[in-house]
Amino acid sequence: MLRPAPRPVASRPKLSDAEILARVAAGEIGALGQLYDLHAAGLLRFLRRVAPPGEAEDLMQATFLRAVAIADTFDPEATSARPWLFSLASRLVQGKKRALGRLSAALVNFARFQLGAHASAPESGRDLQRALLELSEHKRVAFVLTEIEGFTAEQVATMVGVPVGTVWTRLHHARRELRARLGDVL
């Protein structure tokens, strides 16, 4: 018995982020999936570094829900939605922190205590994560967005809504504090 030859799968034309977001704004669910596939991994990596422990996945979901709600505000001239999505995520992290107030601080202190109690050998990944948790939220966001995610200070300033000089100041202090905590590891 002969089997039919497989048909070639027609490839979709690659859409720009602006085109994808225009489709999201029009209510096209498949476009949201495309946006998610393109940017979810980077967003989750960012949120795991700046959000309170255990909150990254929820904040990522909230970021995409927010993106759906305001997709029509995305600048169609922008070359990438990545800075826009990171800006949404950063603002959600800030809002989460404000909403949780003292509870958030208690959770961070608890996480810092737990990491310190279990770190017997110098493990640079855990050491860096612990040191990042010890930074203020503003310094942590500036450091992760510039040094780890590769955004420019100008992009970060736009994302978090502060002057570029403020980003440079936060970045300077974050680097200094991390060097003091980590020494040669950083």
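The report below takes up the cavity and then the aromatic rings.

The model is predicted, so local features need pLDDT of at least 70 and side-chain atom pairs count only at pLDDT 80 or more, while totals for chains, interfaces and linings use all residues. Residues are numbered from 1 along each chain as its sequence is written, and side-chain values use heavy atoms, with hydrogens and water left out.

**Cavity**

A search of the whole structure finds one cavity of 30 Å³ or more, where a cavity is a set of points, on a 1 Å grid over the protein atoms alone, at which a 1.4 Å probe fits but cannot get out. The largest cavity holds about 30 Å³ of space, a volume being the space filled by probe spheres set on grid points that are joined across faces, edges and corners. Its lining, made of residues with an atom within 4 Å of a point, consists of Q94, H138, V141, A142, V156, V160 and R170. Two elements, α7 (137–148) and α8 (153–160), each give two or more residues to this lining, and α7 gives the most, with three; helices are DSSP runs of H or I with at least four residues, numbered from the N terminus. By class, four lining residues are nonpolar, two are polar and one is charged, with Ala, Val, Leu, Ile, Met, Phe, Trp, Tyr, Cys and Pro counted as nonpolar, Asp, Glu, Lys and Arg as charged, and the others, Gly among them, as polar.

**Aromatic contacts**

The whole structure has four aromatic pairs, defined by rings of Phe, Tyr and Trp (its six-membered ring) whose centres lie within 6.5 Å, with planes under 30 degrees apart counted as stacked, over 60 as edge-to-face and the rest as tilted. Two of these pairs are set out here.

| Pair | Centre to centre | Angle between planes | Class |
|---|---|---|---|
| Y36 and F64 | 5.1 Å | 50 degrees | tilted |
| F74 and W84 | 5.2 Å | 70 degrees | edge-to-face |

The pair of Y36, in helix α2 (residues 29–50), and F64, in helix α3 (residues 56–69), links distant parts of the chain, 28 residues apart. With buried meaning under 20% relative accessible area, exposed over 50% and partly exposed in between (1.4 Å probe, protein chains only), Y36 is partly exposed at 37%, whereas F64 is buried at 6%.

Because F74 lies in the loop between α3 and α4 (82–100) and W84 in helix α4, their pair ties together parts that are 10 residues apart in sequence. F74 is buried at 8% relative accessible area, and W84 is buried at 16%.

Ring pairs also join F46, F86 and F151 into a cluster. R82 lies over the face of F86, 4.9 Å from the ring centre, where a charge sits over a ring if NZ of Lys or CZ of Arg is within 6 Å of the ring centre and within 35 degrees of the ring normal.

Methods. 1 Å grid on protein atoms, 1.4 Å probe; cavity = no way out; pocket = protein on both sides within 12 Å on 5 of 7 lines; lining within 4 Å.
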